[in-house]
Amino acid sequence: MTAITTLRSTLATALVDNTRWQVFSFPPATPIANSVIIQPDDPYIEPTNNNNNIAPLARFKVVVIVPMFDNQGNLQGIEDFMVHVFNKLSTSGIKIQVGT
């Protein structure tokens with residue numbers, strides 16, 4: 001289990017791919033094309049009781065920023081980007097649930 005205080009940086013490290021994009025463990029002041037941003041979701045942290053232990057649930061949005069091209073180029077870029085992001089998350093060893 002990953003500590004909540006280091007979870008954003010753990011996710012960012014799992015998503016590093018220096019040949020494809022930059023990764024930010026926080027929303028940057030200026031978004032840049034070809035980047036992945038780990039952003040807190042709403043609700044961000046929810047406490048849960050699991051067998052009398054407090055087990056907080058953290059929610060994040062993984063935001064991908066792609067360059068603007070024509071419609072076909074944009075769609076292909078987004079699809080390629082998302083496939084690589086999902087592959088990296090699935091091989092990271094981090095227990096995650098993918099939502100909307």
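## Salt bridges, core and surface

Searching the whole structure turns up three salt bridges, a salt bridge being a side-chain nitrogen of Lys or Arg within 4 Å of a carboxyl oxygen of Asp or Glu. Keep in mind that this is a predicted model, where local features need pLDDT of at least 70, side-chain atom pairs count only at pLDDT 80 or more, and totals for chains, interfaces and linings use all residues. Residues are numbered from 1 along each chain as its sequence is written, and side-chain values use heavy atoms, with hydrogens and water left out.

Here are the pairs.

| Arg20 | Asp17 | 3.5 Å |

Asp17, Arg20 and Asp80 link up in a network of salt bridges. Within it, Asp17 is buried at 14% relative accessible area, while Arg20 is partly exposed at 35%. For these labels, buried means under 20% relative accessible area, exposed means over 50%, and partly exposed is in between (1.4 Å probe, protein chains only). Arg20 lies in the loop between H1 and strand S1 (22-24) and Asp80 in helix H2, so this pair ties together parts that are 60 residues apart in sequence. Asp80 counts as partly exposed too, with 37% relative accessibility. Helices (H or I, at least four residues) and strands (E, at least two) are DSSP runs, numbered from the N terminus.

Then there's Arg59 with Glu46. Arg59 sits in strand S5 (residues 57-65) and Glu46 in strand S2, so the pair ties together parts that are 13 residues apart in sequence. Arg59 is partly exposed at 31% relative accessibility, and Glu46 is partly exposed at 30%.

Strand S2 covers residues 35-46 and also holds Tyr44. With a relative accessible area of 30%, Tyr44 is partly exposed. Together with Ile4 and Ile45, Tyr44 makes a nonpolar surface patch of about 230 Å². Patches are built from residues with over 30% relative accessible area and no salt bridge, joining like charges within 9 Å and nonpolar side chains (Val, Leu, Ile, Met, Phe, Trp, Tyr) within 5 Å.

Ser35 is in strand S2 as well, but Ser35 is buried, at 0% relative accessibility. Its side chain reaches the backbone oxygen of Ile32 at 2.6 Å. Not counting residues up to four places away in sequence, Ser35 touches Trp21, Gln22, Phe24, Val63, Val64, Ile65 and Phe81, where contact means heavy atoms within 4.5 Å.

What about the inside? The largest nonpolar core has 13 residues, and Leu11, Leu15, Val36, Ile38 and Val85 have the most contacts inside it. Helix H1 (7-14), S2 and helix H2 (71-90) are the elements that give two or more residues to this core, and H1 gives the most, with four residues. A nonpolar core here is a set of buried Ala, Val, Leu, Ile, Met, Phe, Trp, Tyr and Cys residues joined through side-chain atoms within 4.5 Å. Take Leu11: leaving aside neighbours within four places in sequence, Leu11 is in contact with Ile38, Phe60, Leu89 and Ile94.

Technical notes
Areas by Shrake-Rupley, 256 points an atom, 1.4 Å probe, with all protein chains shown as cover. Polar contact = N/O pair within 3.5 Å; in protein donor to acceptor, adjacent residues only side chain to side chain.
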